[in-house]
Amino acid sequence: NNDVQTERRHLTKLQNEELDENLFHLLNLISTCCDPGSNTSVHALHVLEFLIRRYEIHARRNTASVLISRMLPYHEAPFFLKILQLIDLADVAASVFLFL
């Protein structure tokens, strides 16, 4: 999807699935840069904030599950609590919490 202004609710199921796949890959990349001690963490968190605002990754079950699982290593960082507060944990796949 090249149109940045397209809202997810106007996309077809297939388009949303393709977007989710791209977002999963991006979340994997971002998660490697979120260590609070790294020089890239501020930039990674800005990208993450953009994804939350623009693509509502915190409000969709699949992307919210991936978001939590990728950010879980940073559970002691202040931004992790903010992410958890945005997500409805009842909608998150239970498999995210199986290894806790």
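How many helices and how many strands are there in the protein? There are 4 helices and 0 strands, where a helix is a DSSP run of H or I with at least four residues, a strand is a run of E with at least two, and both are numbered from the N terminus.

## Basis of the description

This is a predicted model, in which local features need pLDDT of at least 70 and side-chain atom pairs count only at pLDDT 80 or more, while totals for chains, interfaces and linings use all residues. Residues are numbered from 1 along each chain as its sequence is written, and side-chain values use heavy atoms, with hydrogens and water left out.

## Overall fold and surface

Read from the N terminus on, the elements of the protein follow the order α-α-α-α. Among the contacts in the protein with a separation of 6 or more, 58% are between residues 24 or more positions apart, a contact being heavy atoms within 4.5 Å.

The protein has 100 residues, of which 38% count as buried; buried means under 20% relative accessible area, exposed means over 50%, and partly exposed lies in between, with a 1.4 Å probe and protein chains only.

## Aromatic pairs

The structure holds 2 aromatic pairs, which are defined for rings of Phe, Tyr and Trp (its six-membered ring) with centres within 6.5 Å, and which count as stacked if the planes are under 30 degrees apart, as edge-to-face if over 60, and as tilted for the rest. One of them joins Phe50 and Tyr55 in an edge-to-face arrangement, with 6.2 Å centre to centre and 85° between the planes. Phe50 is partly exposed at 43% relative accessibility, whereas Tyr55 is buried at 15%.

Tyr74 and Phe79 form a tilted pair, with 6.1 Å centre to centre and 45° between the planes, and both Tyr74 and Phe79 are buried. Tyr55 also has a charged neighbour, for Arg54 lies over the face of Tyr55 at 5.2 Å from the ring centre; a charge sits over a ring if NZ of Lys or CZ of Arg is within 6 Å of the ring centre and within 35 degrees of the ring normal.

## Salt bridges

Side chains of opposite charge can pair when their charged atoms come close. A search of the whole structure finds 4 salt bridges, each being a side-chain nitrogen of Lys or Arg within 4 Å of a carboxyl oxygen of Asp or Glu. In one of these, Asp20 pairs with Arg8, and the closest N and O atoms are 2.4 Å apart. Because Asp20 lies in helix 1 (residues 13-31) and Arg8 in the segment before helix 1, this pair ties together parts that are 12 residues apart in sequence. Both Asp20 and Arg8 are buried, and a network of salt bridges links Arg8, Asp20 and Arg60.

Arg9 and Glu7 also meet through their side chains in a salt bridge, at 2.6 Å from N to O; Arg9 is exposed at 66% relative accessibility, and Glu7 is partly exposed at 32%. Within helix 2 (residues 41-55), Arg53 and Glu49 are 4 residues apart and therefore separated by about one helical turn, and the closest N and O atoms of their salt bridge are 2.8 Å apart. Arg53 is exposed, with a relative accessible area of 65%, while Glu49 is partly exposed at 36%.
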